Structure formats: structure tokens, C-alpha cells
Amino acid sequence: MAFFTADLHLHTVLSGCAEGEMLPEFIIERAHALGLDLLAVTDHNACENAAAMMRAAQGTGIVIWPGMEVQSREEAHLLCLFDSLDQALAWQATVYASLPPLKNKPAVFGEQVILAEDGEPIGYNERLLATSTMLSVDEVVRGVAELGGLCVPAHVDRPAYSVIASLGFIPPDLDIPGVEISHLLGPKEARTKFPQLTRYGLISGSDAHRLNEMSRRTTLKMAHRTVAELRLALMGKCDRGVWVDGIRTTP
Ligand SMILES: [Zn+2]
Ligand SMILES: [Zn+2]
């Protein structure tokens with residue numbers, strides 16, 4: 001068992017709202033400076049820059065999980081985390097088939113830059129990515145699990161674009177071991193404000209849209225850096241665990 005410092009919520013230049021500096025080599029450099037061991041790349045409704053992130057991390061000792069931040073039809077954001085690029089790409093096909101056929105308006109929503117595996121920009125994604133898919137929260141959780149991934153509802157304390165904001169609560173039958181809290185509050189405050197969080201493990205990704213927002217608040221005790229291990233860690237199973245700001249958050 002080992003301790004891993006993680007930031008499991010990061011945007012690259014594929015997210016129109018992210019700064020132009022959110023490029024793989026700079027993200028890895030910043031992660032290295034922060035002492036991060038594990039990152040997830042979670043652009044809005046797309047994973048087209050995951051390959052470039054994985055390539056940039058090669059040889060650094062940092063592990064990258066390809067993923068995305070899906071917006072459900074209820075307007076809730078959900079982190080979808082995978083071990084392999086093939087799993088993430090399969091999920092992306094489902095998500096793209098569930099997005100409305102709208103075009104991005106770069107002047108309003110920002111440019112959505114696609115990077116080749118070597119990190120060079122090769123064009124723009126012309127779909128509108130920053131919008132709701134037709135998938136329900138439940139369909140996202142089940143669809144990601146069917147592919148071997150793990151879904152973690154994002155920034156559940158936020159007053160918009162979160163499961164709690166959209167549905168009013170976290171459906172108790174939703175098959176999730178944990179949720180993400182935002183950078184705005186600590187785990188104790190989160191559970192005071194939302195008592196239902198007591199039954200979930202908590203992580204806190206940075207949701208960085210610029211380099212200086214990246215953070216190392218989350219520590220995972222796991223055997224390996226795999227999403228199956230994260231599931232066990234969020235449940236506090238078999239000597240695994242999760243900490244945010246040094247506070248153990250497993251139920
Ligand atoms: Zn979000
Ligand atoms: Zn985000």
C-alpha cells in the first residue's frame with residue numbers, strides 16, 4: 001500500500017473556459033512542482049486531449065487517468081474516470097452521440113483546442129462541448145461503470161452544475177462510493193452543510209482552468225493507481241483510504 005497525492009479534476013485547452021496555458025507539458029511541470037503522483041484529465045464532455053496528457057507524463061512517474069467531466073441532462077457535472085484511453089474513447093463516443101448538434105461559438109465560449117499526442121495543436125473541436133448531454137445522472141454512472149470506469153459527482157457543494165443543486169439531493173440508490181467537494185470548503189464543513197455526505201468518501205480536485213489553480217488537497221492510500229483501487233479507497237476498504245486537507249474522509 002502507498003500514499004498518492006492526486007488532483008482528479010483538471011481542464012486542458014480543449015475546455016473553452018480554460019486558459020491557453022493549460023497545455024500538457026505545463027500541467028505536468030506544475031504537477032511535478034506540487035508533488036502530485038496522479039492526475040485525471042477531465043475536459044467538458046470530451047477526452048480528446050487525454051492522449052497528449054498521457055504522453056507528456058511518460059517517464060515522469062506521474063500517472064494520468066483519461067476521463068472527462070460530463071454534464072448530465074439535469075445539468076449536473078460528473079467526473080468520469082478511466083484507466084485506459086480505449087475505455088475513455090468508448091465513453092466519449094456515447095457522450096458525443098448524446099450531445100445536441102450545436103456548434104461552438106468561440107467568441108462566447110472560448111476555443112476548444114485539440115492537441116495531437118505529441119502536444120501540438122491540430123485544430124479545434126467545433127461541437128459545443130460546454131452544454132448538457134441527453135444522459136441522466138443515473139445513465140452516466142451506469143455507463144461509466146459498464147466500461148470499467150468510475151463516476152464521481154463533481155463539486156457537489158456548488159450552487160449550480162452539481163448533483164445536489166440539480167436534483168436537490170444525491171439519489172441514495174446511485175451506485176457511487178464517493179463525491180467531489182470543491183475548493184471552496186473543507187471536508188468537515190461540507191458534511192456539516194450537507195449531512196448526507198457522511199455516507200460517501202470525499203475527494204477534492206482543483207477543477208483547475210489555469211495552472212496556479214492546481215492543488216494537492218487529496219491523498220489516496222491504495223495498492224496501485226487504478227480506478228478500481230480508488231473505488232476501494234473511497235469506501236475505506238482493505239486498509240485503503242482517502243484524505244482531504246489531511247482529514248480522513250472515508251465513511
Ligand atoms: Zn464542473
Ligand atoms: Zn471542471
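Which hand does the crossing of helix 1 and helix 2 have? I looked it up: the crossing is right-handed (a crossing is left-handed if the near helix is turned anticlockwise from the far one by less than a right angle, right-handed if clockwise).

Ground rules first. I'm working on a predicted model, where local features need pLDDT of at least 70, side-chain atom pairs count only at pLDDT 80 or more, and totals for chains, interfaces and linings use all residues. Residues are numbered from 1 along each chain as its sequence is written, and chains are lettered from A and ligands numbered from 1 in the order in which they are written.

Overall count: I get eight helices and 12 strands for the protein (DSSP runs numbered from the N terminus, helices being H or I of at least four residues and strands E of at least two). The radius of gyration, taken over C-alpha atoms, is 17 Å, close to the 18 Å of the globule rule (2.2 Å times the number of residues to the power 0.38) for 251 residues, so the protein is as compact as a globular protein of that length. I also noted the box filled by the C-alpha atoms, roughly 45 × 40 × 30 Å along the principal axes.

Back to the helix pair. The axes of helix 1 (residues 24–34) and helix 2 (residues 50–57) come within 9 Å and cross at roughly 50° (axes are lines fitted to C-alpha atoms, for helices over the stretch in contact, with angles from 0 to 180 degrees between N-to-C directions). Helix 1 and helix 2 are therefore oblique to each other (under 35 degrees is roughly parallel, over 145 roughly antiparallel, 65 to 115 roughly perpendicular, the rest oblique). Helix 1 brings Pro-24, Glu-25, Ile-27 and Ile-28 to the contact, and helix 2 brings Ala-52, Met-53, Ala-56 and Ala-57 (contact: C-beta atoms, placed from the backbone, within 7 Å).

I found an open sheet of eight strands, order 7-4-3-2-1-10-11-12, with mixed pairing (two strands pair if DSSP finds at least two bridges between them). Strand 7 (150–153) and strand 12 (247–248) stand at the edges with a single partner strand each, so one side of each has no neighbour in the sheet. Strand 11 (residues 241–244) runs antiparallel to strand 12, joined by two bridges, and Trp-243 stands opposite Arg-248 in strand 12.

I checked strand 1 (residues 2–10) too: five bridges pair it with strand 10 (residues 218–222) in the antiparallel sense. Phe-4 stands opposite Leu-220 there.

Methods
Two residues are in contact if their C-beta atoms, placed from the backbone, lie within 7 Å.
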